[in-house]
Amino acid sequence: MTDYIIALDQGTTSSRAIIFDKKGSIISVGQKEHEQIMPRAGWVEHDPIEIRDNMREVIGIALGRANLTRHDIAAIGITNQRETAVVWDKNTGIPVYNAIVWQDTRTQSIVNRLAGDEGVERYKDIVGLPLATYFSGTKIVWILENVEGAREKAEAGDLIFGTTDTWVLWNLTGGPTGGIHATDVTNASRTLFMDLETLEWRDDILADFGVPRSMMPEIRSSSEVYGEARDTSLLRETPVAGILGDQQAATFGQAAFDAGESKNTYGTGNFLIFQTGTEIVKSENGLLTTVGYKLGDGPTHYALEGSIAVTGSLIQWLRDQLGIISTAPEVEQLALSVEDNGGVYFVPAFSGLYAPYWRPDARGAIVGLTRYANRGHLSRAALEATAFQTREVLDAVNADSGVDLAELKVDGGMIANDTLMQFQADILGVPVVRPVVAETTALGAAYAAGLAVGFWSDLDELRANWQEDKRWTPNDDVEERERQLRLWKKAVTKSMDWVDDDVR
């Protein structure tokens, strides 16, 4: 009996395999972190071979812990860090360079060159995105222009590109011996190359970037059978049937399918997605227009997104770079050791500011320091930065949609932090709601795969699986809320205009 779905979650800090049953409950998890490679300031890379090998290993861990085999698995779903770019030789399966991660800012000069006199919104009406280092398109250009021989091999048709869903799919389905080179509409909508209306690559934009069309994967829906696993005996002949970029997957896992429904994911960064249904809504307030999901031959569903680059990774920075904490949970203990932030505000613009500002010239700033401040205040300010950034994104969503959200569904690793979640509710002024199954990113990929093979019948069955675990309600001190927001916005201005031509 094929009683389970396995989701492969290729994330920014780790790769995971999670097995779900029909109720959407977690049966087992395999997880392995991969190295964060930072060769220069602003550069962030991953080793695609390490990711490939880790993914194979975590599949075995998850199956072993559940005492299951491939015969118990109905389908495979894939979710991934969306804008991270991999370019590899299709004949050998060897990447020509490390994966360039979505947080990487090295391509700002390419962004400036492409923007020219028309500005960073040159293609936004077509692709829903401004020109920014965040998206994968400029990362491909950097590889073609800076890796010896890459341009020639690409023009000869030997190099192919993919976000990490495509890299996982290609290797899982055969690699150099017949691997499927495809992506889904959600990931394609994060490249700067896909027309939101036609769901096809734009040849004119590819030409502007100098990227050969032959490098690009086939664009498919988010829920269909792409092929079968071939490269590993553990899952061979199991259909790969769902792909969703991580934030769209989390929204799907939260059963937020319809216009007006939303979620906020607290991970390496924060990502708030607001569904707009089958309508393409163009933001006037610094949000991105993106594809939410497409199930087989069904209609395309769109969304507005507020992307925040640094939230959970700020806690990692406190641990790994500063040594203020030795484990992530310690940040909450330190935050609770003080009554408030002591006047300290932390703007983590390590990769510039994303939504709603889109200021690549910004860099991280800690303001309001006095000799009174200690590591407890700094820890509290780091947590509060996540909530403040989310408030600004939610304000933009409310302005674009014309409808104020009544509550916010949340997921991701940071929602285990009660102090953060209470402050989030306080600074938003609306309830914050956590589901029973917090691993909504993997669950969304599992749902997409399960729908494609009939494991689940329809969206109503998925809605019935969602259950509330905990709710945080805001305090009523509006005056304090507005004071904190005023100081936060003042702190944000201090992070801007930092990067000059000679800043490294």
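Leaving aside its neighbours within four places in sequence, which residues is Thr 265 in contact with? They are Gln 247, Ala 250, Asn 270, Phe 271, Asp 411 and Gly 412, where contact means heavy atoms within 4.5 Å.

Before going further, a note on the source. This is a predicted model, in which local features need pLDDT of at least 70 and side-chain atom pairs count only at pLDDT 80 or more, while totals for chains, interfaces and linings use all residues. Residues are numbered from 1 along each chain as its sequence is written, and side-chain values use heavy atoms, with hydrogens and water left out.

Back to Thr 265. Thr 265 is found in strand β13. Helices (H or I, at least four residues) and strands (E, at least two) are DSSP runs, numbered from the N terminus. Is Thr 265 buried or exposed? Its relative accessibility is 6%, so Thr 265 counts as buried; buried means under 20% relative accessible area, exposed over 50%, and partly exposed in between, with a 1.4 Å probe and protein chains only. From Thr 265 to Val 331 there are 66 residues in sequence and 19 Å in space, C-alpha to C-alpha.

Now the partner of that strand. Strand β13 (residues 262-266) and strand β19 (residues 408-411) run parallel and are joined by two bridges. Two strands pair if DSSP finds at least two bridges between them.

Next, helix packing. How do α9 and α14 lie relative to each other? The axes of helix α9 (residues 246-253) and helix α14 (residues 440-452) cross at roughly 80° and come within 6 Å. Axes are lines fitted to C-alpha atoms, for helices over the stretch in contact, and angles run from 0 to 180 degrees between N-to-C directions. The two helices α9 and α14 are therefore roughly perpendicular, a label for angles of 65 to 115 degrees; under 35 counts as roughly parallel, over 145 as roughly antiparallel and the rest as oblique. Residues of α9 in this contact include Ala 249, Ala 250 and Phe 252, and those of α14 include Leu 443, Tyr 447 and Leu 451. By class, the residues of this contact are eight nonpolar, four polar and one charged. Here Ala, Val, Leu, Ile, Met, Phe, Trp, Tyr, Cys and Pro count as nonpolar, Asp, Glu, Lys and Arg as charged, and the others, Gly among them, as polar.

Phe 423, Asp 426 and Ile 427 in α13 meet Arg 481, Gln 484 and Leu 485 in α16. That contact has three nonpolar, one polar and two charged residues.

Last, the hairpin. Strand β2 (residues 14-20) and strand β3 (residues 26-33) pair in the antiparallel sense over seven bridges. Ser 14 stands opposite Glu 33 in β3. Five residues lie between the two strands of this hairpin, and Gly 24 takes a positive phi near 80°.
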